[in-house]
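Welcome! Here is a short briefing to read alongside the sequence and the 3D view.

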Amino acid sequence: MRALRKSAQDVALHCDLTRDDTGLRRFLDPDCAALIWQREAPANVQHWLDRVDPDRLPRGRVIVQPDMVARVFAEVCAMSGLPQGPEQDWLQADVTRLAGAFSSLMDTRYLRFRLDVVTTNACRKFHVDAIAARLVCTYRGTGTQLGVSHQGEAPAHVQTVATGSPLLLRGTRWPAQPASGLLHRSPPIEGTGETRLVLVLVLDPVTDPEEEVDNHLAAPAGVPLH
């Protein structure tokens, strides 16, 4: 299936859809600027996540090898005080699964791993990231928004990715052509009382993790770099 069907000779504007992880390889197609994995969390997990005290939601940023994501996630949850139980177990397994799928698809040794708790209009302007690619999954709150810009104007039509649906996005450092012409932003939620929990996995060249930390990409206290 296709969403946001547009055409241009010098940019990729297609956003593909898949209902399972076997369709993720469509993201590697030359004309695919983004891909949405249409799914949702189990009802009990979503109910639990939506009611967790925002101060206890896990948050942190770290450069990590894909096979260490489960350990790092568990440590971040322990630091935040996220309640333990089957719902947290599901969340950890899902984050680990997404990291594994994304790193395998992109064939990368390191990921920039982020868990963001958002209550403001962070990244509210439509843009394309200066990275190779990223996976974004909003576990709580409104999902990432997509749109096509014409002649620098704000997108006339905006598509909001469903909560729980992973989104793969090309950045300006994507090695193949054509470049992405599909823009995205965080939904404007400031003043609404909404809290978003967002997983971000970024593919960007990382050859020396220690050097990256020295350049101000620091891990949360107590979370090791691997």
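## The cavity and its lining

The largest cavity is lined by Val136, Cys137, Thr138, Gly143, Thr144, Val161, Ala162, Ser165 and Leu167. A cavity here is a set of points, on a 1 Å grid over the protein atoms alone, where a 1.4 Å probe fits but cannot get out, and lining residues have an atom within 4 Å of a point. This is a predicted model, in which local features need pLDDT of at least 70 and side-chain atom pairs count only at pLDDT 80 or more, while totals for chains, interfaces and linings use all residues. Residues are numbered from 1 along each chain as its sequence is written, and side-chain values use heavy atoms, with hydrogens and water left out.

- The count comes to 1 cavity of 30 Å³ or more.
- The largest cavity holds about 40 Å³ of space, where a volume is the space filled by probe spheres set on the grid points, which are joined across faces, edges and corners.
- Strand S7 (residues 133–140) gives the largest share of this lining, 3 residues. Helices (H or I, at least four residues) and strands (E, at least two) are DSSP runs, numbered from the N terminus.
- By residue type, the lining of the largest cavity has 5 nonpolar, 4 polar and no charged residues.
- Cys137, one of the lining residues, is buried, with a relative accessible area of 0%. Buried means under 20% relative accessible area, exposed over 50%, and partly exposed in between (1.4 Å probe, protein chains only).

## Cysteines

- How many disulfides does the structure hold? There are 0 disulfides, a disulfide being a pair of cysteine sulfur atoms within 2.5 Å.
- Cys15 is in no disulfide, and the nearest cysteine sulfur, that of Cys32, is 7.0 Å away.
- Cys15 is also buried, at a relative accessible area of 0%.

- Why is S6 described as largely enclosed by the rest of the structure? The reason is that 8 of the 8 residues of S6 are buried.
- S6 pairs with S5 in the antiparallel sense over 5 bridges; two strands pair if DSSP finds at least two bridges between them. Within this pairing, Gly60 has Leu115 in S6 as its bridge partner.
- S6 also pairs with strand S13 (residues 196–203), again in the antiparallel sense, over 7 bridges. Here the bridge partner of Val118 is Arg196 in S13.

## Salt bridges

- The count comes to 6 salt bridges, where a salt bridge is a side-chain nitrogen of Lys or Arg within 4 Å of a carboxyl oxygen of Asp or Glu.
- One of them joins Arg97 to Asp21, with the closest N and O atoms 3.4 Å apart. Arg97 lies in helix H3 (residues 86–106) and Asp21 in the loop between strand S3 (14–18) and strand S4 (32–37), so this pair ties together parts that are 76 residues apart in sequence. Arg97 is partly exposed at 42% relative accessibility, and Asp21 is partly exposed at 33%.
- Asp116 forms a salt bridge with Arg61, the closest N and O atoms being 3.8 Å apart. This pair links distant parts of the chain, with Asp116 in strand S6 (residues 111–118) and Arg61 in strand S5 (residues 60–64), 55 residues apart. Asp116 is buried at 14%, whereas Arg61 is partly exposed at 39%.
- Arg61, Arg114 and Asp116 are linked in a network of salt bridges.
- Asp129 and Arg134 also form a salt bridge, their closest N and O atoms lying 3.3 Å apart. Are these two residues buried or exposed? Asp129 is buried at 11%, and Arg134 is buried at 12%.

## A sheet of three strands

- An open sheet of 3 strands runs in the order S9-S8-S12, with antiparallel pairing.
- Its edge strands are strand S9 (159–160) and strand S12 (182–185), each of which pairs on one side only.
- Strand S8 (residues 145–148) pairs with S12 in the antiparallel sense over 4 bridges. Gln145 stands opposite Arg185 in S12.

Note on methods: On a 1 Å grid over the protein atoms alone, a cavity is a set of points where a 1.4 Å probe fits but cannot get out, and a pocket is an open set with protein on both sides within 12 Å along at least five of seven lines; lining residues have an atom within 4 Å of a point. Ala, Val, Leu, Ile, Met, Phe, Trp, Tyr, Cys and Pro count as nonpolar, Asp, Glu, Lys and Arg as charged, and the others, Gly among them, as polar.
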